[in-house]
Amino acid sequence: QVQLVESGGGLVQAGGSLRLSCAASGRTYAMGWFRLAPGQERVFLARITWSGSTYYADPVKGRFTISRDDDKNTVYLRMNSLKPEDTAVYYCAAKQSVGIGALPHEYDYWGQGTQVTVSS
């Protein structure tokens, strides 16, 4: 069992930046970030493998950056040029199996989520 704890969410003005963190209790093949806005389905944002390979959803390419610190067993999501439509609960997730990792069902463990609110 791997436990994930997110942090770093909050209120930010449009155009601003935030960095989310996800501390993991164990090592997995890959970790990803998703978000869930009211009335919508959970949306994939980015994932990073143990080797550092990254993959992004098209809407966030160039604005969001996923990275990891293996010494701290922590994954980050740097979000720049934030927009009001980025407002959501952001979740990190971890997967044990090989694969692209763009779908929620591919992931084995989930964090509790952290709220990001972008004001206009």
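How many helices and how many strands does the secondary structure of the protein come to? In this predicted model, the count is zero helices and 11 strands. Along the sequence, the elements accordingly read β-β-β-β-β-β-β-β-β-β-β. The radius of gyration is 13 Å, close to the 14 Å that the globule rule gives for 120 residues, so the protein is as compact as a globular protein of that length. The C-alpha trace spans about 40 × 30 × 25 Å along its principal axes.

Of the 120 residues in the protein, 48% are buried. Among contacts between residues at least 6 apart in sequence, 57% join residues at least 24 apart. Charged side chains comprise 12 positive and 10 negative ones, and the centres of the two sets lie 4 Å apart.

Is Asp86 buried or exposed? Its relative accessible area is 1%, and Asp86 is therefore classed as buried, the cut-off being under 20%. The side chain of Asp86 forms a polar contact of 2.8 Å with the side chain of Arg63. When neighbours within four places in sequence are left aside, the residues in contact with Asp86 are Arg35, Arg63, Phe64, Ser81, Val116 and Val118.

Glu106 has a relative accessibility of 18% and so counts as buried, since the class extends to values under 20%. Which backbone nitrogen lies 3.1 Å from a polar atom of the side chain of Glu106? The nitrogen in question belongs to Ala102. Beyond the neighbours within four places in sequence, Glu106 is in contact with Lys95, Ser97, Gly99, Ile100 and Gly101.

Taken individually, the two residues can be summarised as follows. Glu106, at 18% relative accessibility, has a polar side-chain atom 3.1 Å from the backbone nitrogen of Ala102.

Methods
Residues are numbered from 1 along each chain as its sequence is written. This is a predicted model: local features need pLDDT of at least 70, side-chain atom pairs count only at pLDDT 80 or more; totals for chains, interfaces and linings use all residues. Side-chain values use heavy atoms; hydrogens and water are left out. Helices (H or I, at least four residues) and strands (E, at least two) are DSSP runs, numbered from the N terminus. The radius of gyration is taken over C-alpha atoms; the globule rule is 2.2 Å times the number of residues to the power 0.38. Buried means under 20% relative accessible area, exposed over 50%, partly exposed in between (1.4 Å probe, protein chains only). Contact means heavy atoms within 4.5 Å. Lys and Arg count as positive and Asp and Glu as negative; His and the chain ends are not counted. The place of a charge is taken as NZ of Lys, CZ of Arg, CG of Asp or CD of Glu. A polar contact is a pair of N or O atoms within 3.5 Å; within protein, one must be able to donate a hydrogen and the other to accept it, and residues adjacent in sequence count only if both atoms are side-chain atoms.
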